[in-house]
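Colleague: I am new to this structure and would like to learn how to read it one feature at a time. Could we go through it together?

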Amino acid sequence: MLDVAIRKPDGSTAVDWQHVGVRTAPPLPVAPALHTILPDGLRRGSTVSVAGSMSLLLALLGAASADGAWAALVGFPRISAEAAREYGIDLARLALVPDPGLVQGGWTTAVGALLDAVDIVAARPPRGRGVVPGDVRRLAARARSKDAVLMPYVLDPAGWPGADVRLQAVGGEWTGIGAGTGRLRARRVEVTAGGRGPAARSRSASLWLPAPGGGIDEATPLAPVIDLAG
Amino acid sequence: MKIDEGTAAPPRRISVWCPDWPVTTARIEAGLEPETPAAVVTANRVVACSHSARAHGVRRGLRRREAQARCPELAVLGRDESAEARTFEPVVAALEAIAPGVEITRPGLAAIGVRGPTRYFGGETGVLHALSRGVAGLPALGGADLLIGIADGSFAAEQAARRGLIIDPGGSPAFLENLPIETLDPSGASPLIDLLRRLGIRTLGAFAALPGADVLARFGPVGVWAHREASGRDDRPLSARRPPVEFTVTLDLEPAVDRVDTVAFSARGIAEQFVTDLGAHGLACTCLELQALSENGEETVRRWRHAGVLSTVDVLDRVRWQLEGWLSGNHRPTGGVSRVRLVPLEVVPTGTHQQALWGGSGAEDERAARALARVQTLLGHGSVLTPVLDGGRDPGQRTRLVPWGDEPLPLHSPEQPWPGQLPAPAPSVLLDPPRPAQVLDASRRPVRVTERGAMPAPPELFAMGSDTPVAVASWAGPWPVDERWWSPESARRVVRCQIVDVRGRAYLVTGSMDDTPRWQVDAIYD
């Protein structure tokens, strides 16, 4: 392992390979609102499982895609191009493989082939059968060796064994809509992150997903009332 | 040693140009009279129009509506590029009867070298006579015009054909001198032309007068190329750099294939290899020879010339065009296609290409595109899709999925206002086809929508499919949608609602306006 840090003229550390890890490729960026739960962005070569919300998945792809990364969605029937664009995804660099299961073993083959060259591969395991543990290991190893990010979309946060980071969106409180009045404007969700290694400490954040007008934003609690007289 | 660039006169060539070829083809396919004003429209814009339509003021780039307003009897036709190639095939055959080595720029424009046939027919007049005899009364032309031009160099010959002129030997520079600078790129998309115009260079002569070395220094290889064209020195001499044989790629089809789309799909790999192999050596192809062999030994050989450099898509288009003409023409082979070979005839150096650190965008994009093409070969052409933002009022209409590799163009402009569309945020998951839903009122009966779009009883319970209904937490709507009321077949009168159930899940539902209401879920805000 490379044990060198790049230092600035004044002696302070500019880039510490220890911190970055053995991977030399920089991590993929994430939206600023996700910095509390993913402080280092999406580490290349890792497996990040997502549960609970399709919007969370699109939001995770957004900043990286806008930065030039390629993304592929495998096994998702139909996502909205409009929503994808609201989260910042560049549609020219997004590929969809809606139904890879037509061929025997098609899902694993497609995900494996895409991991070779696409930066982020989000995949929903085929309904019913699931993915056999051997394939789970093989795909994780493929992602690691190709510096890609494998992003399984699972119903249950523990549904993908061996994920480096597990993200889950819980709850969902819509604003702007009443009993026959208004319209859907924004949703407040709690996103929790857990996992292995550096991600073992669980983090959580309250997010607008989608934020008013689309996209993702941090949900700040209302400002406390300050007693000016005192 | 001083090299005099002017002495090497470019070879003399005959160009044949059929004006408005897309219109001619579409008109013949539709069985219309030659005098009918017609226009070919793609993506709501006129891409070509017939002479009679032009006389009514129809122009390229007009919207369909505007064109129809200027000429109410205008026949609006769709574009069919494979038909264009197929109908042009007899013209190419007529040219081929005069001299081998026909170079096709695109359907409607082709050229041959003049030297050999001039000797054979005894002068250029003899060649012209033979050519006129060959093309006169070709049924495929259906009374369309065909213009012939002769000049030194292919660019000058093309311009001469557009004007139906015969330029004397050595007269090309003088002929090109007074043409506007836009002639170099009629599409108007070239940044070079824009720059030259802003620099005050408005004619080809003015551009040609600049010293070549300075043009290279200021405008790079693209500029030099244009400069050589403008000064009537052929940019692509016939005997130019013959690339070595190893850039030739061959595809063997086993078993033989008799469908154009299947061959084109299989040829995707070699087309990509062809372009990347050349690209890896800093070269790009401008003229390509495409050979195809049938299982019974028949052969078709065509040369395809491109104004710019041939990309993978361009190569595939030419494979499709040539095979379309061959497999459906008079000299159709008796067996399926068993071999396709791509031979680069002329190459030009491309700009230096440097990969960025961490495998920059260029290499990355190339790699990703290849991986996607690989998945496509594993699972089929329609299995890998790319989303396109389309125009429409429904969230479902606003997303269009096109197979990877096809042109991701919207059918309707998404930039139009589309009154009645839902404001952001958009639902993330679309259901196609929509799933039936149960929207029930307090008495567990389906919520009814009146003729005027009102809901007398609010929704209280909701379920997707045949699930057990759960309570509705909040809802918005109903918003009536009254689309295409003028057309009985496609008219749609529904109301849209947004419904949030007690679990916090939000849905976009539509309900029909009648006494037995049918509700369906169109999209989920997941």
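Colleague: Which strand is joined to β1(B) by six bridges, and in what sense do the two run?

Modeller: In this model, which is predicted, the partner is strand β7 (residues 147–152) of chain B, and the six bridges join it to β1(B) in an antiparallel run.

Colleague: Is β1(B) mostly covered or exposed, and which way do its residues point?

Modeller: Strand β1 (residues 12–17) of chain B is mostly covered, with six of its six residues buried. R12(B), I14(B) and V16(B) point one way from the strand, while R13(B), S15(B) and W17(B) point the other way, and all are buried.

Colleague: What is the order of the strands in the open sheet of three strands in chain B?

Modeller: The order is β3-β2-β4, and the pairing in this sheet is mixed. The edge strands, each of which pairs on one side only, are β3 (45–49) and β4 (75–77) of chain B. On average, neighbouring strands of the sheet are turned by 40 degrees against each other when direction is ignored. Within the sheet, strand β2 (residues 38–42) of chain B runs parallel to β4(B) and is joined to it by three bridges, and A38(B) has A75(B) as its bridge partner in β4(B).

Colleague: Which helix lies across β2, β3 and β4 of chain B?

Modeller: That is helix α1 (residues 21–30) of chain B, which runs at about 105 degrees to β2(B).

Colleague: How should I read the packing of two helices?

Modeller: Two packed helices are described by the angle between their axes together with the distance between those axes. For helix α4 (residues 81–96) and helix α14 (residues 312–328), both of chain B, the angle is about 55 degrees and the axes are 8 Å apart. The two helices are therefore oblique to each other, and the crossing of α4(B) and α14(B) is right-handed. On the α4(B) side, S82(B), A85(B), R86(B) and E89(B) meet R320(B), W321(B), E324(B), G325(B) and S328(B) of α14(B). By class, the residues of this contact are two nonpolar, three polar and four charged.

Colleague: At what angle do α13(B) and α14(B) pack, and which residues make the contact?

Modeller: Helix α13 (residues 268–280) of chain B packs with α14(B) at an angle of about 135 degrees, with the axes 9 Å apart, and that makes α13(B) oblique to α14(B). The crossing of α13(B) and α14(B) is right-handed. R268(B), A271(B), E272(B), F274(B) and V275(B) of α13(B) make the contact with T312(B), V315(B), L316(B) and V319(B) of α14(B). The contact of α13(B) with α14(B) has six nonpolar residues, one polar and two charged.

Colleague: How many residues of chain A are in contact with chain B, and which element gives the most?

Modeller: On the chain A side 49 residues are in contact with 44 residues of chain B. Several elements of chain A each supply at least two residues, including α2 (54–66), α4 (106–115) and β8 (165–177), but α3(A) gives the most, with six residues. The side of chain A that touches chain B divides into 27 nonpolar, 14 polar and eight charged residues.

Notes:
Residues are numbered from 1 along each chain as its sequence is written. Chains are lettered from A and ligands numbered from 1 in the order in which they are written. This is a predicted model: local features need pLDDT of at least 70, side-chain atom pairs count only at pLDDT 80 or more; totals for chains, interfaces and linings use all residues. Axes are lines fitted to C-alpha atoms, for helices over the stretch in contact, and angles run from 0 to 180 degrees between N-to-C directions. Helices (H or I, at least four residues) and strands (E, at least two) are DSSP runs, numbered from the N terminus. Angles under 35 degrees count as roughly parallel, over 145 as roughly antiparallel, 65 to 115 as roughly perpendicular and the rest as oblique. A crossing is left-handed if the near helix is turned anticlockwise from the far one by less than a right angle, and right-handed if clockwise. Two residues are in contact if their C-beta atoms, placed from the backbone, lie within 7 Å. Ala, Val, Leu, Ile, Met, Phe, Trp, Tyr, Cys and Pro count as nonpolar, Asp, Glu, Lys and Arg as charged, and the others, Gly among them, as polar. A residue is buried if 20 or more other C-beta atoms lie within 10 Å of its own, exposed if 12 or fewer, and partly exposed in between; C-beta atoms are placed from the backbone. Two strands pair if DSSP finds at least two bridges between them.
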